[in-house]
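These are my notebook entries on what I looked up in one structure.

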Amino acid sequence: MTSSAGLTASLGRRRARWQAGACLAVLLGALYLAHRHWPAVESGAGRLAVADQGWLLVGAAAATGTWAASALAQQGAVVARLPGPRLVAAQFAASAANHLLPAGLGAGAVNLRFLTRCGVPAGRSAGALAVKAGAGAAVRLVLIALLAPACPGLLRLPHVSPAAVAVAVGVVALAAAPLATPWWPRCRRALAGVVADIRALHACPARAAALWGGSLAFAGLHALVLIAVTRAVGLPLAPLQVALLYLAASSAAALLPSPGGLGSLDAALALALTAAGTPTAAAASAVLGYRLLTVWLPLLPGLLVLAVLVRRKAL
């Protein structure tokens, strides 16, 4: 009993040190990026400091709503009923964890643990995460296709270099590699399980509505955060244009495995805004405001909620 308690305490200390180290790494990375682009950051921060507070409050309210939208989409990806308050808290904690690990691994780990704690088998929990991610990607692509004709000329296809083509071919080949390995039967069974889960979910109209409605609300609320920030700093872009730029930039940033899109999403958003005619300082202020409302202000509370959920064995 004593040795077991000591081992648990040791693991807890190691986990705490790992979390502290991950937080420190994120902060150091942010400081490095800020130092590298300090003139634009300083100008953007100054413009954000005198921004319209009313619009910033609208953005903060929209950012808060993204966690409820994420919870709704996660419930829609599972046939079993999940505990509502814990589900929302888990999404809040997952959003913080997502900024510590690359490519959505933090949010995925938190949600996987939460679903298994709720009695969902591990295989179906992983399938639910895949269904939610697939629905989110599909919603973004559909929104881009719907908004692009309303904003002609806003999105321009970049020049594709031979190196980029080679990288794309390599990625496709890597993705197809399991077809020629002994892992393919397992991958096929996993895909068959995901397809079966999708059919079961869509046989229940309430779950299908939650999945697609939550995914749509999640993307729309994030776009609203950026719209509110651009209004607060006085950017002369129409709301539909800002929404389209956000959807395109976030879809592109999802291809890069950076923690929570840090760096990749910031660069994609800044590039999209400047390509649309926004001055560099104004684009920097918009990106800073968006990140402040969606990442930096909720980060510490989200980590505290994560610690509470782990302590109460809800994760």
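Before anything else I wrote down the cut-off I would need: a residue counts as buried when its relative accessible area is under 20%, as exposed when that area is over 50%, and as partly exposed in between. I also noted that this is a predicted model.

**Entry 1, the whole chain.** Of the 315 residues in the chain, 37% are buried.

I checked the length of α11, which has 12 residues (264–275): at 1.5 Å a residue the helix should span 16 Å, and its end C-alpha atoms are 16 Å apart, which agrees. Next I asked which residues of α11 are buried. They are S264, L265, A268, L269, A272 and L273. Seen down the axis of α11, these buried residues fall within an arc of 150 degrees, so they line one face of the helix. I reminded myself that an α-helix has 3.6 residues a turn, so residues three or four places apart point the same way. The buried residues of α11 pack against α9 (205–232), α10 (239–253) and α12 (280–311). After α11 comes G277, and its phi is positive, near 105 degrees.

I counted salt bridges and the total came to 1. In that salt bridge the side chains of R291 and D266 meet, at 3.1 Å from N to O. Because R291 lies in helix α12 and D266 in helix α11, the pair ties together parts that are 25 residues apart in sequence. I noted beside this that side chains of opposite charge can pair when their charged atoms come close. Is R291 buried or exposed? Its relative accessibility is 4%, so by the cut-off of under 20% R291 counts as buried.

I finished with a nonpolar surface patch of about 230 Å², which is made by W55, V58 and L224. I found W55 in helix α3 (residues 53–76), and with a relative accessible area of 35% W55 is partly exposed.

How values were computed
Residues are numbered from 1 along each chain as its sequence is written. This is a predicted model: local features need pLDDT of at least 70, side-chain atom pairs count only at pLDDT 80 or more; totals for chains, interfaces and linings use all residues. Side-chain values use heavy atoms; hydrogens and water are left out. Helices (H or I, at least four residues) and strands (E, at least two) are DSSP runs, numbered from the N terminus. The expected span of a helix is 1.5 Å times one less than its number of residues. Buried means under 20% relative accessible area, exposed over 50%, partly exposed in between (1.4 Å probe, protein chains only). The arc is that of the directions from the helix axis to the C-beta atoms. Contact means heavy atoms within 4.5 Å. Patches are made of residues with over 30% relative accessible area and no salt bridge: like charges are joined within 9 Å, nonpolar side chains (Val, Leu, Ile, Met, Phe, Trp, Tyr) within 5 Å. Accessible areas come from the Shrake-Rupley method with a 1.4 Å probe; for residues, only the protein chains shown count as cover. A salt bridge is a side-chain nitrogen of Lys or Arg within 4 Å of a carboxyl oxygen of Asp or Glu.
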